[in-house]
Amino acid sequence: MNAPATATLLKGAHVIDPSRNIDRIADVAIADGKICDPQRLPANAQVIDAAGSYVTPGWIDLHVHVYGTLGFADPDSIGIYQGVTSYVEAGGPGIGTMDEFLSLLEGKTVTSLYAGPFLRPMGILGLSFIESEVRSLTDVPIADWIDFHKAHPGLLRYLKVGSMSGYGAGVMKLAKGLAEILALPLYAHIGEHQLQPGKESAYDIYRVAEAGDIVTHIYHGNQCGILDADGKVLPLVRQAKARGILFDVGFGGYNFSWDVAEAAYSQDFLPDLISSDLQQFNVLGPCYSLANVMTCILKLGMPLPEVVNCVTSKVARALGMTGFAGSLKPGMPADVTVFRIESGAFELADTRSQSRMTDRRLVPTMAFKAGVRVDCEMERCRSEQNWLLQFAEDHVPDRAKWLSSRQRGFLTALATRLAPIQWDLYASERLDYQKALELQRAFHEVRLQQGLPMGEALTAVFDSLLDHPFTMQVGLFLLRVDRSLVLKRLSEVGIGRSKVA
Amino acid sequence: MTERTQTGESAVSEQVGANDWQRLDGVDPATAEFPLRTRYNGQPIVVLRTASGYRGIQRSCPHQKRSLHDAHFQGDSMIRCRSHGFVYRLSDGRGVNCPGFRIQVYDVKAEDGSLLVRPAS
């Protein structure tokens, strides 16, 4: 990250700020971390010649995965380094893992990180063969949700649920009820119904959701999409939009089809919001970045100012963030994205092996987070260390040497506690979700007995077994490692000598 | 030269016992192109050539059934499906970033100018 400048002038850029209907050449001034009137900048302000570039409010990606089984080792690589100044973790944690999520990520990213927790207490499992199983939702601890939300004002931006099919509208009503209790929008995933039984009940989301709720993956090409068999937008879907339900792109790994997008767009069914759903399984393609998804929507025919609107002002409104994001109004935190439009011949792939060619694309070049400049590195996210979980099966990771004596004591106790538990993820076709919960309980039981802070305990486990840091639900993490390796390694690291006091 | 069918597979070989070595008819390892689409006892597989030798894998990714014949190598010990980046270890077929998913892997050896395949234990 670049050194902070107290005052900066972005001079001569094409400024697009939909919150104030600005779409023209102008200057944008930043002082003390806030947007200010250019006339009031100090004389020694740094001047950046931004002619030829576009300057907009900092982009907000309302659907990413930086935590959990879909997340990244370097969360900023899909955030600030790609021109995104704020993003929402879409369902990685649930109420049963929010404490783990916060201990690992709170304050650790330059990009402002918000949470859209999943209804399931453990959060998203990342395993498509169980994600839609209603029993995996286990319980919904209302009091815990209320208490957590009160204790962390502003952190939660929506409540996520899969519009699970095969169970009627019950799951969606449950989620909607909880969202109402918490005064949050409901954020409903409508993809992947080809994997689910009784698919038709997925459409119940359009009956359950209300104005201000958000449906994501609108242009997916899987079953239970927004089109009928003749390619017409379903009346149910149009009625939902007319009622004020918001529709989000959520490109994802499976959920953007050119055929669907073009058919819907030609019938004037446009997205209200644009998000990437970046995750381990689409960052090398076809999603790549929010900028790439915005380019896709530009290719569909949406004018650039409206594309910008869908990642700035409209997202801020949808998520209750207008007081501090989505606008270049003087006095706002200086979250700014600078990009250029590159000309050439570019292929835009969807998630179904279909492509379209385009002659222009958005390329973020720099971003400001609360006035601090970061130069974009669009390729940073592609590093294998960032997206591929690498278990250190035949060696103790170097990072384990730096675990403290207390952390080592914890690992020894944890190995003892886990020893009577049997697990083997690969012994059956289906994930033993109850086993993941049992492993999670064991971890926390030992952590509390040892009086070790959450972050230190999680780090001790991850650093003993992984070559690169990842953040994940600890119960799920342990379940996916060979039991014998876990017990051997925790014991081995536990008795080792620490390099730190 | 390797004899190929219209689907790009090497010629079909004789059936063998469930875990026995099967010779791939018409495949000359010296001239064959890898990855090689072929079959073991009728099951579609892909034979890969790695720095440490040959390895066979089931042909379709268990996630969404995409063919793995054009999978990326992840180092020399893993392959990555082109569709969604699911990564599998060539040693035992386990999903690295997709827990619960696993592919069948095959031992492959060159012998007397032919390739022989059998399921890895």
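**Loops, strands and domains**

Author: Let's start with a loop: Asp32(A) sits between strand S2 (22-31) and strand S3 (34-36) of chain A. Helices (H or I, at least four residues) and strands (E, at least two) are DSSP runs, numbered from the N terminus. This is a predicted model, where local features need pLDDT of at least 70, side-chain atom pairs count only at pLDDT 80 or more, and totals for chains, interfaces and linings use all residues. Residues are numbered from 1 along each chain as its sequence is written, with chains lettered from A and ligands numbered from 1 in the order in which they are written.

Reader: OK, what's the phi of Asp32(A)?

Author: Near 50°, a positive value in a residue other than glycine. Most residues other than glycine have a negative phi, and most peptide bonds are trans.

Reader: And is Asp32(A) buried or exposed?

Author: Asp32(A) counts as exposed, because it has 12 C-beta neighbours inside 10 Å. The cut-offs: buried is 20 or more other C-beta atoms within 10 Å of a residue's own, exposed is 12 or fewer, and partly exposed is in between, with C-beta atoms placed from the backbone.

Reader: What about Tyr288(A), what's the phi there?

Author: Tyr288(A) also has a positive phi, near 70°, and is not a glycine. Tyr288(A) is buried, with 23 other C-beta atoms within 10 Å. Its loop runs between H7 and H8 of chain A.

Reader: Which peptide bond is cis around Pro286(A)?

Author: The one from Gly285(A) to Pro286(A), with omega near 5°. Pro286(A) lies in the loop between helix H7 (258-266) and helix H8 (290-300) of chain A. Chain B has a cis peptide bond too, joining Phe34(B) and Pro35(B), with omega about 0°. Pro35(B) is in the loop between strand S1 (22-23) and strand S2 (36-40) of chain B.

Reader: Switching to strands. How many residues of S7(A) are buried?

Author: 11 of the 11 residues of strand S7 (residues 84-94) of chain A are buried, so the strand is largely enclosed by the rest of the structure.

Reader: Which strands are joined to S7(A) by bridges?

Author: Strand S6 (residues 59-64) of chain A runs parallel to S7(A), joined by 4 bridges. Strand S8 (residues 112-118) of chain A is parallel to S7(A) as well, with 6 bridges. Two strands pair if DSSP finds at least two bridges between them. For landmarks, Val64(A) stands opposite Glu89(A) in S7(A), and Gly94(A) has Phe118(A) in S8(A) as its bridge partner.

Reader: How does the chain cross from S7(A) to S8(A)?

Author: Through helix H1 (residues 98-105) of chain A, as a right-handed β-α-β crossover. Right-handed means that, with the strands pointing away from the viewer, the path from the first strand over the helix to the second runs clockwise.

Reader: How many residues of H1(A) are buried?

Author: 6 of the 8, so H1(A) is largely enclosed by the rest of the structure. The buried ones are Met98(A), Glu100(A), Phe101(A), Leu102(A), Leu104(A) and Leu105(A). Their cover includes S7, S8, helix H3 (142-151), helix H14 (454-465) and helix H15 (474-479) of chain A. After H1(A) comes Gly107(A), with a positive phi near 75°.

Reader: Now the domains of chain A. Where are they?

Author: The domain assignment gives domain 1 (59-320) and domain 2 (389-495); such bounds come from an automatic or database domain assignment. Between the two domains of chain A, 18 residues of domain 1 are in contact with 16 residues of domain 2, where contact means C-beta atoms, placed from the backbone, within 7 Å.

Reader: Which element gives the most to the domain 1 side?

Author: H1(A), with 5 residues on the side of domain 1 of chain A that touches domain 2 of chain A.

Reader: Last one: which strands form the open sheet in chain B?

Author: The order is S5-S6-S7 (chain B), with antiparallel pairing. Strand S5 (72-74) and strand S7 (87-89) of chain B stand at the edges, each with a single partner strand, so one side of each has no neighbour in the sheet. S5(B) pairs with strand S6 (residues 78-80) of chain B over 3 bridges in the antiparallel sense, and His72(B) stands opposite Arg80(B) in S6(B).
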